[in-house]
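Subject: Structure for your review

Dear colleague,

Please find below the structure that I am handing over to you. My findings follow it, arranged by region.

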Amino acid sequence: MSRAVVYETFGGPEVLELRDVPEPHAGPGEVRVRVTAAGLNPMDWIITSTPEAATMFGLTLPSGFGYDFAGVVDEAGEGACEGAGGFAVGDRVYGGAMARAAADFLVMKAPAPGALFHTPDGIGDEVAATLPVAGLTAVAALDAIGLRSGDTLLVGGAAGGVGVFAVQLARLAGARVIGTAAEGTFDFLRSLGAEPVTYGPGLADRVRALAPGGVTAATDLFGTETAEAALALGVSPERISTIAAGPNPPGGVRATGGEQATPADLERITDAILAGAITVPIAATFPIERIRDAVTLQAGRHVHGKIVITL
C-alpha cells in the first residue's frame, strides 16, 4: 500500500483525506515517480469546491488531489527509457499530473511532452514542484500582452504564486513593474523588483499618482479589479490580460492561462533560476499529513509566494 490525498465529497479543505491506497506500478511505456514534493495552486482547491469546477477539468468523484509535483523515477516499464525524451530509474523529474500529485507515487506515460521534465541539477525538488502551473501561467499572461522592454506594467495579485514569477519575468524583460498587494507584502514585492501599490477602491488613482507618465500594459492575476483599473487608466484592451476572470473578461481584455505557454518556456525559467535571475519564494512547507492546513493557508490568498507539500 501507499498513501494518497483523496476526497469523496465536494467542499473545503475538510473533505481532503490522506488514505492508504494500492501501490501503483509502471506498465509498458510508463514510469513511476516517487513523489517528494507537490506544489499547491488555487486551481487545486477550486476543483474540490464544487462539481461544476471539477467538471471543467474532467474530474468526477472520488478524486485525487494536486497537479504540480517533483520526485524521482523509481520504476520504468518497457520502452519508457527509449529515445531522447526517455526517462530512466534514478532520474529526477518534475511536472504536472491532474488530481494525482499529492501521493507517494504516480504513474505517467513516458515520454510525456509538456507533462514530465528532467529536473536540472542545481534546482531542488521543492522549487521544481512550484514551476509548472505558476511559471507557465506567468509566461502566458505576459506573452498575451506582448510585454516589451520599456513598458510600465501593472500586475494585479503580484505577491501570489503566479505573481512572483510574472514580476520577475517582466523585470528581466526590461519593464517597470507596479504590483498590487496588501501593505504587509510591500517589502516582499520590493525585494522582487516591483513597486507596490495597495489594491482596493481607488486603485486607478493610486497607480496614476505612482506612474504619472502612464501604464502601458497590465495583467490581472486575481479577478478583474486590476484589469478594470487599467482600462480606466487608458490601457488598450489588447495589452491587458487576465487569468481568473473566465473566458469573457471585461472590456475585451485578453483571457489566458498556462496551457498557452510551451515546455520551452519552463526551460527558460529554470535557466533563469540557475543563473540567479529568478528566485522562487516558498512561503511555507507542510508534510502531507497536514494537507488540510496547507490548503487552508493557500485558499486564504494572502500567501507571499508558493506553498509546498513534502512527502
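How many helices and strands does the protein have? The model, which is a predicted one, contains ten helices and 16 strands. Its radius of gyration is 20 Å, close to the 19 Å that the globule rule gives for 311 residues, so the protein is as compact as a globular protein of that length. Along the principal axes, the C-alpha atoms fill a box of roughly 60 × 40 × 35 Å. Of the 311 residues, 51% count as buried. The protein exposes about 12,700 Å², and carbon and sulfur atoms supply 54% of that area. Among contacts with a separation of 6 or more, 67% come from residues 24 or more positions apart.

The parallel sheet

An open sheet is formed by six strands in the order E11-E10-E9-E12-E13-E14, with parallel pairing. Strand E11 (195-198) and strand E14 (254-255) are the edge strands, each pairing on one side only. Strand E9 (residues 152-156) and strand E12 (residues 217-220) run parallel and are joined by four bridges.

Helix H7 (residues 203-210) lies across E9, strand E10 (176-181) and E11, and runs at about 150° to E11.

At what angle do the axes of helix H4 (residues 131-143) and helix H9 (residues 263-274) cross? The two axes cross at roughly 105° and come within 10 Å. Since angles of 65 to 115 degrees count as roughly perpendicular, H4 is roughly perpendicular to H9. On the H4 side, the residues that meet H9 are Leu131, Pro132, Gly135, Leu136 and Val139. Their counterparts in H9 are Asp265, Leu266, Arg268, Ile269, Thr270 and Ile273.

Helix H5 (residues 163-172) is mostly covered, with eight of its ten residues buried. The buried residues of H5 are Gly163, Val164, Phe165, Ala166, Val167, Gln168, Leu169 and Ala170. Just after H5, Gly174 adopts a positive phi of about 95°.

Two individual residues

Is Ser63 buried or exposed? Ser63, which lies in strand E4 (residues 63-64), has a relative accessible area of 8%; the limit for a buried residue is under 20%, so Ser63 counts as buried. Leaving aside residues up to four places away in sequence, Ser63 touches Val5, Val6, Tyr7 and Ala99. Tyr7 is 56 residues from Ser63 along the chain, yet their C-alpha atoms are separated by 5.7 Å.

His118, in strand E8 (residues 116-118), is partly exposed, with a relative accessible area of 38%. Not counting residues up to four places away in sequence, His118 touches Gly86, Phe87, Asp91, Arg92, Val93 and Tyr94. His118 and Val15 are 103 residues apart in sequence, and their C-alpha atoms lie 33 Å apart in space.

With kind regards

Note on methods. Residues numbered from 1 in each chain as written. Predicted model: local features only at pLDDT ≥ 70, side-chain atom pairs only at ≥ 80, totals over all residues. Heavy atoms only, no water. Pairing = 2+ DSSP bridges. Helix = DSSP H or I, 4+ residues; strand = E, 2+ residues; numbered from the N terminus. Contact = heavy atoms within 4.5 Å. Axes fitted to C-alpha atoms, helices over the stretch in contact; angles between N-to-C directions. Rg over C-alpha atoms; globule rule 2.2 N^0.38 Å. Buried < 20%, exposed > 50% of the residue type's maximum accessible area, 1.4 Å probe, protein only. Areas by Shrake-Rupley, 256 points an atom, 1.4 Å probe, with all protein chains shown as cover. Parallel < 35°, antiparallel > 145°, perpendicular 65-115°, else oblique.
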